[in-house]
Every structure is written in C-alpha cells, then in structure tokens.
Amino acid sequence: MDDIDPEEARRILDEAQRARQDAERPAQSVALHLVSALAVGLGVVALAQLPGHRVGHLVMLAIGVVLIAVGGTLPVLARRRAGVRGYRGVTRNDHLVFLVVAAVLVVCALQATSTTAIIYLVLGLAAAVEYFLVLRRHPSVVRR
Amino acid sequence: MSGLDPVLSPTRLQICAYLSGCEVAEYSAVQDYLGVSKPTLSKALTALAERDWVRIDKVQHGRYARTTLQLTDAGAAALADHVTALQRLAEQAAHAGSATGPLHPQHGGS
C-alpha cells in the first residue's frame with residue numbers, strides 16, 4: 001500500500017468517487033429521466049394554472065402535486081429496483097431541498113394570479129431542464 | 001507512513017465507496033457494479049465485516065432471502081481516513097493537473 005505513487009492514488013480516488021456517485025445515481029435510461037423531468041416541469045407549470053377558477057385551480061394544483069411526486073419518485077423506484085436503497089449526506093440533503101422547494105411552490109401557487117401562471121410556466125421549463133441535467137449527472141450540475 | 005489502510009485494497013475500497021452512496025445495497029447490485037465473481041466479493045466482504053466496517057444481513061423477501069450490505073459508521077470513518085491519505089498522496093502531483101474532488105462519506109445513513 002505504501003508504494004502507491006501520486007498518479008495511482010489519483011486513479012484510485014477517481015474510481016472511489018465514481019463508485020459513490022454510481023450508488024447515489026445509478027445509470028438509468030434517458031427515457032426514464034426524460035419522463036421524470038417532464039413530469040416535474042409540467043407539474044410546476046400546472047400548479048399555478050386557471051387562477052380565475054377556484055375549482056379548476058385546485059384541480060390543477062392537485063395535478064401539479066401528483067406530477068411532481070411522480071417525477072421525483074420514478075428514479076428512486078428504479079434505483080430501488082436495481083437493489084440500491086436510501087441516501088446519505090449531501091444527496092439526502094438534495095432530496096430534502098427538492099421537497100422544500102416543491103412545498104414552497106405549492107404554497108405560493110395557492111394565491112396564483114395570471115402573472116403567477118406565466119412565471120410558473122417559465123419556472124416549469126427551468127425545473128424540467130435542471131432536473132434532467134441533475135438526473136443525467138451533467139458536469140454543469142454535479143458539484144462533487 | 002502514508003496513513004493508507006492496507007485492508008482497503010482497491011476492490012474493498014470500491015465496495016466501501018459504493019456503499020457510502022446509499023443506505024443499503026443488495027449483494028447482487030454490488031457484484032454487478034464491481035463485475036467480480038461471487039467468491040471474490042464474498043472474500044472481500046468477509047474481511048470488511050470482520051472489522052465491522054460493513055454489515056451483512058440476510059433479508060427474507062417472499063420465498064427468497066436477499067443479502068443486503070450496509071457501510072457502518074466505523075467503515076465510513078475508515079474510508080474517510082483512507083481517502084484523506086490518498087488525497088494527500090495525489091496532491092503531491094497536483095501542480096501537474098486538476099485534482100479530484102473530495103470524497104468524504106457522510107456518517108449516519110440509517
């Protein structure tokens with residue numbers, strides 16, 4: 001062990017880093033990630049739609065919550081099916097942040113106006129793109 | 001004195017690193033990921049379990065029993081120490097290129 005040179009140490013570190021990341025976010029199909037990202041994006045958009053109709057707005061709000069939940073849960077279920085469960089540390093915090101942000105969006109959408117509906121449209125698009133990049137572990141969003 | 005733990009051979013380190021990314025992983029998931037044979041993985045896991053770094057459980061799942069693996073707090077600490085030692089070594093060549101990001105497994109994965 002003591003005869004490891006710096007390059008070898010770096011290679012071992014890279015492999016260990018990759019192993020942890022692969023357990024956190026195992027390789028999954030692009031289709032699954034697309035569906036999940038779309039569900040989250042559409043869910044965010046739906047939250048603030050039909051602000052002028054009380055019942056219609058509540059229905060859209062419920063649809064939005066369900067879509068966001070589906071989008072958030074699909075990758076976790078696929079990971080679980082692959083035999084890997086639970087998260088630790090930073091990744092667990094990421095999921096907590098996801099839940100808090102979703103809750104804030106839902107609460108804010110309760111008092112939606114037509115302007116809010118447009119803002120949520122943009123937010124939904126941004127959320128879909130960002131979530132897709134996170135699921136694909138794109139270098140621009142992977143901080144570890 | 002490098003601070004590297006000789007118990008954490010590359011395969012065992014990979015196992016610990018993989019388990020540091022989840023709470024629990026099934027034996028088959030780890031085996032598939034590492035691409036090693038059952039006896040090789042079993043031997044590595046026995047060595048880790050003897051030091052109480054990995055917990056091995058048999059979980060009844062319908063008619064079948066599944067083996068699940070979990071990195072213990074002691075295992076996470078050993079992994080963190082080993083990674084720190086490796087980083088120190090790697091930093092000796094840091095000027096040559098980009099250094100790897102830190103891999104510090106978090107404790108408390110229950």
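## The enclosed cavity

On a 1 Å grid over the protein atoms alone, a cavity is a set of points where a 1.4 Å probe fits but cannot get out, and its lining residues have an atom within 4 Å of a point. This is a predicted model, in which local features need pLDDT of at least 70 and side-chain atom pairs count only at pLDDT 80 or more, whereas totals for chains, interfaces and linings use all residues. Residues are numbered from 1 along each chain as its sequence is written, chains are lettered from A in the order in which they are written, and side-chain values use heavy atoms, with hydrogens and water left out.

The structure holds 1 cavity of 30 Å³ or more. The largest cavity has a volume of about 60 Å³, where a volume is the space filled by probe spheres set on the grid points, and points are joined across faces, edges and corners. Its lining includes A:Glu24, A:Arg25, A:His33, A:Tyr87 and A:Leu135. By class, the lining has 5 nonpolar, 2 polar and 3 charged residues (Ala, Val, Leu, Ile, Met, Phe, Trp, Tyr, Cys and Pro count as nonpolar, Asp, Glu, Lys and Arg as charged, and the others, Gly among them, as polar). Helix H3 (residues 54–81) of chain A gives the most to this lining, with 3 residues; helices (H or I, at least four residues) and strands (E, at least two) are DSSP runs, numbered from the N terminus.

## Two helices of chain A

The axes of H3(A) and helix H4 (residues 89–109) of chain A come within 11 Å and cross at roughly 170°. Axes are lines fitted to C-alpha atoms, for helices over the stretch in contact, and angles run from 0 to 180 degrees between N-to-C directions. The two helices are therefore roughly antiparallel to each other (angles over 145 degrees).

In the contact (heavy atoms within 4.5 Å), residues of H3(A) including A:Leu61, A:Val65 and A:Val76 meet residues of H4(A), among them A:Phe98 and A:Val106. This contact has 8 nonpolar, 3 polar and no charged residues.

## Chain B

Chain B has 4 helices and 3 strands, which follow the pattern α-β-α-α-β-β-α along the sequence. Of its 110 residues, 46% count as buried (under 20% relative accessible area, with a 1.4 Å probe and protein chains only).

B:Lys43 is found in helix H3 (residues 38–50) of chain B. At 64% relative accessibility, B:Lys43 counts as exposed (over 50%). B:Lys43 and B:Arg12 lie 31 residues apart in sequence and 9.7 Å apart in space, C-alpha to C-alpha.

Definitions and conventions
1 Å grid on protein atoms, 1.4 Å probe; cavity = no way out; pocket = protein on both sides within 12 Å on 5 of 7 lines; lining within 4 Å. Parallel < 35°, antiparallel > 145°, perpendicular 65-115°, else oblique.
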